[in-house]
Amino acid sequence: PVWMPHPKTVSIARKSTCGTERDGFVGQIGGLVPRCSPTPPSHWEGIVACNLLTYNSRTPLLGLRGSPGGMSSASARAGVLSLRMAGPGRLVGRVPSAWSVPPKKRNQPSKLHKEYDPRFCTYRGVRWPRLMLKFIVEDAGVPSSRISYLALETPQILALNVTSNLWPKLRFLRDELNIPPGQVGAAIGRFPLLLSLSLAGNIRPTTDYLRDGLLMGDAAALAGVVSAYPQVLGLNTTTNLAPKASFLRSEAGLSAQQLAGAVAGNPSLLGRSLEGHLRPLVGTLTVKLGISKKDVARMIASNPRVLSTPLDTRVRETPRRVARELRMTLRDVGALCARFPGLLAVAPGAVGARVEWFLGHGVSR
């Protein structure tokens with residue numbers, strides 16, 4: 001016979017006159033592979049497995065391929081393994097309940113029918129409420145690659161009511177914010193905690209502040225900000241967003257229009273720490289590099305990603321490397337960064353190679 005391999009391997013017990021031998025064969029779902037004995041036994045008593053399958057009593061066996069042996073009628077009547085011949089070297093049957101229970105409990109009545117609950121189902125090892133899984137996959141449109149991540153990272157959403165809790169949030173994102181359905185699903189997949197936020201306490205106040213306080217009433221820009229950076233909906237307007245907006249207006253010199261453009265162009269800047277990132281970054285640009293507040297505002301308006309540039313490995317180190325390679329002062333490098341903000345995104349280790357390339361092509365220092 002042709003032995004068909006399969007990645008999931010279980011141990012098959014062989015019935016003999018002396019008892020059960022567990023080291024006779026190795027079985028696989030979809031195939032049987034002999035290990036010790038060259039011929040398979042006349043019948044199988046059962047299979048001892050750990051976490052073999054998630055199934056109920058109605059799940060059919062996909063197929064057992066093996067030697068055209070058989071099993072005794074006594075074992076068949078006992079319900080240990082029910083197989084039928086389906087061609088040379090192929091046996092087809094159903095998964096017996098003995099495969100999922102210890103040997104001591106095989107003679108006890110099965111409890112699978114009592115544990116079966118039509119309200120739940122299993123998806124990739126996670127037990128889901130059926131209505132919840134349908135909402136996540138079909139209604140919200142979360143990508144299949146993020147469904148397991150959603151359940152593992154935010155298991156609390158599995159206890160939320162689909163009708164009274166989740167559907168109002170989905171309608172708000174689609175109908176009131178006018179976010180396309182595909183982008184809504186992607187946003188939920190990136191930030192599953194969005195479904196556990198309060199619609200009246202978190203989502204609505206934050207979106208109102210973003211639209212009226214930062215984006216100058218631009219609804220289209222608001223939809224883009226939420227779809228690109230859904231984590232913003234979990235930020236507090238009073239203690240988080242408002243202090244950052246005030247700092248960017250006063251310290252960085254951004255006008256209302258420049259601030260709206262920066263938020264729309266780089267929504268993730270709202271997630272940066274005020275004291276740990278934004279204030280030290282602006283201080284480095286103005287104090288150490290000597291860039292004026294007006295030029296800083298112009299830099300941010302032309303390239304909003306400046307505010308998301310890593311502080312230690314880029315904003316502080318790259319100008320020093322440029323000054324050393326080109327024999328310039330830090331203030332001269334600051335004037336260069338004011339004209340070309342993208343220079344701050346260059347890795348310090350790449351500065352020397354680029355300078356050598358220009359020198360090799362006839363460009364003087």
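This is a short chat about a few spots in a predicted model.

Reader: Let's start with Thr318. Which helix is Thr318 in?
Author: Thr318 belongs to helix α13, which covers residues 311–326.

Reader: Okay, and is Thr318 buried or exposed?
Author: Thr318 is buried: its relative accessible area is 1%, and the cut-off for buried is under 20%.

Reader: So what is Thr318 in contact with, leaving aside its neighbours within four places in sequence?
Author: With those neighbours left aside, Thr318 is in contact with Thr313, Leu343, Leu344, Val346, Ala347, Pro348 and Val351.

Reader: How far apart are Thr318 and Leu344, in sequence and in space?
Author: In sequence they're 26 residues apart, and in space their C-alpha atoms are 6.4 Å apart.

Reader: And what does the side chain of Thr318 reach at 2.8 Å?
Author: That's the backbone oxygen of Val346. Val346 is also among the contacts of Thr318 I listed.

Reader: Switching topic! How do strands β8 and β9 run?
Author: They run antiparallel, with 4 bridges joining β8 (residues 120–123) to β9 (residues 126–129).

Reader: Which residue is the bridge partner of Tyr123 in β9?
Author: Val126 is the partner of Tyr123 there.

Reader: What do β8 and β9 form, and how many residues are between them?
Author: They form a hairpin, and 2 residues sit between the strands. In that turn, Arg124 has a positive phi of about 55 degrees.

Reader: Why does Ser227 count as buried?
Author: Because its relative accessible area is 10%, and buried means under 20%.

Reader: What polar contact does its side chain make with another side chain? I mean Ser227 again.
Author: The side chain of Ser227 makes a polar contact with the side chain of Gln183, at 3.4 Å. A polar atom of the Ser227 side chain also lies 2.9 Å from the backbone oxygen of Ala223.

Reader: Leaving aside neighbours within four places in sequence, which residues is Ser227 in contact with?
Author: Gln183 turns up again, along with Ile179, Ala187 and Arg190.

Reader: Last one: which residues form a nonpolar patch on the surface?
Author: Trp357, Phe358 and Val363 do, and together they have about 320 Å² of accessible area.

Reader: Where is Phe358 placed?
Author: Phe358 is in helix α15, residues 348–360. Phe358 is partly exposed, because its relative accessible area is 44%, while exposed would mean over 50% and buried under 20%.

Note on methods. Residues are numbered from 1 along each chain as its sequence is written. This is a predicted model: local features need pLDDT of at least 70, side-chain atom pairs count only at pLDDT 80 or more; totals for chains, interfaces and linings use all residues. Side-chain values use heavy atoms; hydrogens and water are left out. Buried means under 20% relative accessible area, exposed over 50%, partly exposed in between (1.4 Å probe, protein chains only). Contact means heavy atoms within 4.5 Å. A polar contact is a pair of N or O atoms within 3.5 Å; within protein, one must be able to donate a hydrogen and the other to accept it, and residues adjacent in sequence count only if both atoms are side-chain atoms. Two strands pair if DSSP finds at least two bridges between them. Patches are made of residues with over 30% relative accessible area and no salt bridge: like charges are joined within 9 Å, nonpolar side chains (Val, Leu, Ile, Met, Phe, Trp, Tyr) within 5 Å. Accessible areas come from the Shrake-Rupley method with a 1.4 Å probe; for residues, only the protein chains shown count as cover. A salt bridge is a side-chain nitrogen of Lys or Arg within 4 Å of a carboxyl oxygen of Asp or Glu.
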